[in-house]
Amino acid sequence: MKAKAVFEKDFQVGKVDKRLFGSFVEHLGRCVYGGIYEPGHPTADEQGFRQDVMELVRELDVPIVRYPGGNFVSGYNWEDGIGLREHRPRRLELAWRTIETNEVGVNEFVDWTRKVGSEPMLAVNLGTRGIDAARNLLEYCNHPQGSYWSDLRRSHGYEQPHGVKVWCLGNEMDGPWQMGHKTADEYGRLAAETGKVMKMLDPSIQLVACGSSNRGMKTFPEWEATVLDHCYDYVDYISLHTYYGNPDNDTPAFLASSLDMDQFIDTVVAVCDYIKAKKRSRKTLYLSFDEWNVWFHSHQADRKLEPWQIAPPQLEDVYTHEDAIVVGTMLISLLKHCNRVKIGCQAQLVNVIAPIMTQNQGPAWRQTIFYPFQHASRFGRGTVLLPVIDSPRYDSRRFKDVPYLEAIAVENEDDYVTVFAVNRHLDQELDLTMELRGYGDLRLDSHIVLAHHDSKATNTMDNPGNVVPRHDGKTSVEQDGIHSVLAPLSWNVIRFKKANAI
Ligand code: AHR
């Protein structure tokens with residue numbers, strides 16, 4: 001199989017906002033308790049945070065982390081998680097039917113984000129609560145001093161405000177499963193009024209309105225249009241969420257999932273621009289893809305869990321090699337749309353549908369999906385070039401005309417150009433010819449490959465190095481172009497250094 005990809009230095013999609021490589025920590029299962037936080041773990045620091053997990057989070061280089069939910073936030077009283085730990089209440093957590101101990105709350109989470117070199121993105125409860133709880137939380141976090149909530153924060157040991165910049169106005173409010181589920185008109189009005197009040201308090205913040213929970217919702221995309229009709233002037237982003245899975249073991253169809261993601265983004269952009277035109281607005285709305293991943297492996301196990309446990313093993317997907325390839329294509333989709341998608345949060349970060357797994361009292365390790373995320377986060381910052389791709393194609397059950405090759409190029413700010421490329425073919429190599437026009441001579445720096453003979457191979461506690469990247473990809477820079485051989489079902493990171501750079 002042969003394919004061609006052409007990129008031109010001056011034909012650009014746009015600049016990547018580093019927050020495209022964000023993540024998500026929800027009070028769900030073992031994401032917080034047993035994930036980022038486990039006092040008594042051999043690596044726990046003075047606050048009870050696992051340093052082995054922190055090390056892996058730093059490897060991922062996650063610039064922003066959404067918190068505390070997710071479905072959890074729609075029943076959450078943020079005040080339960082502040083002040084002395086011994087006074088914090090245990091609550092029935094209704095979204096995931098567990099017991100929430102509130103040992104970790106907003107202050108501890110902000111501390112943790114600073115320790116891993118990240119920043120928090122907080123969600124307010126617009127399910128069971130509303131404007132008042134949201135403005136109080138904002139005052140507690142961001143107001144310097146001299147008011148009830150800011151002085152309470154100071155009395156809790158946080159003299160300086162947290163300065164939280166990005167706030168989500170609720171979570172998946174279109175979903176009937178959500179506590180306090182609303183119609184688009186009800187939510188749109190509430191988002192507008194909450195956003196208005198929050199910006200009265202702190203005009204420097206950025207707000208994310210809830211879009212649809214996924215593209216398959218019956219109310220999509222009318223939900224977005226109605227919600228934005230109400231709150232366009234008060235918000236900065238609209239959210240998108242999507243999860244893909246392979247429950248029927250139809251891998252060719254599963255591997256085409258990012259085509260759905262591309263269409264989802266294009267549709268939401270169109271709705272945003274329609275509302276912009278309708279309102280004669282000069283403001284452009286951006287997208288926050290603040291939940292995305294593969295999620296399906298754990299569905300059966302979760303149905304069998306006993307309710308009202310503390311931090312049970314929920315949503316613990318063990319990811320395969322093919323899942324990592326799908327995650328790679330989803331990252332390429334985000335990069336392709338970087339002119340409009342400014343924030344992305346892979347859901348989630350630890351244990352819960354996550355790149356990092358832990359055992360309580362035991363080790364932490366990297367799942368297969370860790371690697372494409374790490375590569376994109378480290379080498380995907382800069383300016384994305386418009387891809388022109390000529391690839392053989394296949395038909396899958398859901399998507400027809402699926403290109404075997406998915407690729408994007410990013411001009412990095414340090415004299416490198418990085419190409420991310422996926423070969424979707426299950427058993428054939430792809431001979432790729434590339435042109436990177438406008439760069440003069442380029443020197444091959446490295447060709448990293450994530451490939452495996454078994455598409456279902458996983459990384460486990462006992463075998464954490466089963467699916468790992470190698471640095472032996474086949475690429476050569478020749479007179480007539482750049483030639484690469486992409487292994488079957490592979491994720492490739494091909495990096496070039498500009499020849500005039502030292
Ligand atoms: O990430 C898991 C759950 O998926 C989140 O709580 C919810 O927002 C979504 O439905």
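I began at the ligand, where an oxygen atom lies 3.0 Å from an N or O atom in the side chain of N171. I count such a pair as a polar contact when the N or O atoms are within 3.5 Å; within protein, one must be able to donate a hydrogen and the other to accept it, and residues adjacent in sequence count only if both atoms are side-chain atoms. The model is predicted, so local features need pLDDT of at least 70 and side-chain atom pairs pLDDT 80 or more, while totals for chains, interfaces and linings use all residues. Residues are numbered from 1 along each chain as its sequence is written, and side-chain values use heavy atoms, with hydrogens and water left out.

**Entry 1**

A polar side-chain atom of E172 is 2.7 Å from an oxygen atom of the ligand. For E291, the distance from a side-chain N or O atom to a ligand oxygen is 2.7 Å. Taken alone, the ligand exposes 290 Å², of which the protein buries 95% (Shrake-Rupley method, 1.4 Å probe; for residues, only the protein chains shown count as cover). I found 13 residues around the ligand, the closest being E26, N71, E172, Y243 and E291 (near: a heavy atom within 4 Å).

The ligand takes the space of the largest pocket. A pocket is here an open set of points, on a 1 Å grid over the protein atoms alone, where a 1.4 Å probe fits, with protein on both sides within 12 Å along at least five of seven lines. A molecule sits in a pocket if more than half of its atoms lie within 2 Å of the grid points.

**Entry 1: H241**

I then turned to H241, in strand β10 (residues 237-244); strands (E, at least two residues) and helices (H or I, at least four) are DSSP runs numbered from the N terminus. H241 counts as buried because its relative accessibility is 1% (buried: under 20% relative accessible area, with a 1.4 Å probe and protein chains only). Its side chain makes polar contacts with the side chains of E172, at 2.5 Å, and D290, at 2.6 Å.

Seven of the 10 residues of α6 (residues 222-231) are buried, including W223, L228 and C231. The buried residues of α6 pack against α5 (184-201), β9 (206-209), β10 and α8 (257-278); β10 is also the strand that holds H241.

In α2 (residues 106-115), eight of 10 residues are buried, including E108, D111 and W112. Their cover includes α1 (51-60), β4 (64-67) and α3 (131-142). I noted that G117, which follows α2, has a positive phi, near 75°.

**Entry 2: P372 and helix α11**

Why is α11 largely enclosed by the rest of the structure? Nine of its 10 residues are buried. One of them is P372, whose place is in α11 (residues 370-379). P372 counts as buried because its relative accessibility is 0%. Outside four places in sequence, P372 is in contact with A324, V327, G328, L331, L450 and W491. I also checked A487: it is 115 residues from P372 in sequence and 15 Å in space, C-alpha to C-alpha.

Note on methods:
Buried < 20%, exposed > 50% of the residue type's maximum accessible area, 1.4 Å probe, protein only. Contact = heavy atoms within 4.5 Å. 1 Å grid on protein atoms, 1.4 Å probe; cavity = no way out; pocket = protein on both sides within 12 Å on 5 of 7 lines; lining within 4 Å.
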